[in-house]
Amino acid sequence: MQRSMTRPGNHVIKSYEAYSEMLFRIAMVHLGRRQDAEEAVQDTFIKLMEKAPAFNDAEHQKAWLIRVLTNTCKTMLGRGWRKREVKLDGAEALAADGPIDLALLQLVMALPAKIKTVIHLYYYEDYSVQEISRILQISDSAVKMRLQRGRQLLKLELEGAESE
């Protein structure tokens, strides 16, 4: 018995063209490896095809994709075999502006998942606090708190690196 193959519609292809690079960067920050990030992005678009949710506008769709991707990344990070791996081998692919940016990106990638998601969306994807709040479905104050904690952790790491 042959199973029918589902082909992605034009809306999925357009969504992939518009958001795949951004989603890949977010996944790289979470997962640290190119292969895992590509798998997470692929899984996100498969869920888009399977669920085919109705969106109010492009921003709603973008927020949905980011939320699904971050949840997929969290699931992948929770896998037992994944916890024992060393990360950050793919950070070079994200840093295009020299060694300082690479070092900072590696520090961001080493942050706890909740914090690095907010830091990445705010500083690398230029989302506002309110937009991040809507995307991650958390309160504005939770976003601000995670930004503050992330800044403190990064400051401590940067000061520690300077004193060495």
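Predicted model: local features only at pLDDT ≥ 70, side-chain atom pairs only at ≥ 80, totals over all residues.
Visitor: Why is Thr72 called buried?

Guide: Thr72 has a relative accessible area of 5%. Buried means under 20%, exposed means over 50%, and partly exposed is in between (1.4 Å probe, protein chains only). So Thr72 counts as buried.

Visitor: Where is Thr72, and what is it in contact with?

Guide: Thr72 sits in helix α3; helices here are DSSP runs (H or I, at least four residues), numbered from the N terminus. Leaving aside neighbours within four places in sequence, Thr72 is in contact with Ala40, Asp43, Thr44 and Lys47, and contact means heavy atoms within 4.5 Å.

Visitor: What makes α2 oblique to α3?

Guide: The axes of α2 (residues 34–51) and α3 cross at roughly 125° and come within 9 Å. That angle makes α2 oblique to α3, because under 35 degrees counts as roughly parallel, over 145 as roughly antiparallel, 65 to 115 as roughly perpendicular, and the rest as oblique. Axes are lines fitted to C-alpha atoms, for helices over the stretch in contact, and angles run from 0 to 180 degrees between N-to-C directions.

Visitor: Which residues of α2 and α3 meet?

Guide: Among them are Ala40, Asp43, Thr44 and Lys47 in α2, and Trp64, Leu65 and Thr72 in α3. By class, this contact of α2 with α3 has 10 nonpolar, three polar and five charged residues. Ala, Val, Leu, Ile, Met, Phe, Trp, Tyr, Cys and Pro count as nonpolar, Asp, Glu, Lys and Arg as charged, and the others, Gly among them, as polar.

Visitor: How do α1 and α3 pack?

Guide: Helix α1 (residues 10–31) and helix α3 (residues 58–78) pack at about 35°, with axes 10 Å apart. The residues of the contact of α1 with α3 divide into 13 nonpolar, four polar and one charged.

Visitor: What makes the pair of Tyr16 and Phe45 edge-to-face?

Guide: The structure holds three aromatic pairs. In this one, the rings are 5.1 Å centre to centre, with 65° between the planes. Rings of Phe, Tyr and Trp (its six-membered ring) pair if their centres lie within 6.5 Å; planes under 30 degrees apart count as stacked, over 60 as edge-to-face and the rest as tilted. So Tyr16 and Phe45 form an edge-to-face pair. Tyr16 is in helix α1 and Phe45 in helix α2, 29 residues apart.

Visitor: Which of these two is buried and which partly exposed?

Guide: Phe45 has a relative accessible area of 6%, so it is buried. Tyr16 has 46%, so it is partly exposed.

Visitor: How do you know that Phe55 and Trp64 are edge-to-face?

Guide: Phe55 and Trp64 are 5.7 Å centre to centre, with 65° between the planes, which gives an edge-to-face pair. Trp64 counts as buried at 14% relative accessibility, whereas Phe55 is partly exposed at 23%.

Visitor: Why does Arg134 count as partly exposed?

Guide: Arg134, in helix α7 (residues 129–136), has 43% relative accessibility, so it counts as partly exposed. Leaving aside neighbours within four places in sequence, Arg134 is in contact with Glu59, Ala63 and Arg67. The C-alpha atoms of Arg134 and Ala63 are separated by 7.6 Å, though these residues are 71 residues apart along the chain.

Key
Residues numbered from 1 in each chain as written. Heavy atoms only, no water. Helix = DSSP H or I, 4+ residues; strand = E, 2+ residues; numbered from the N terminus.
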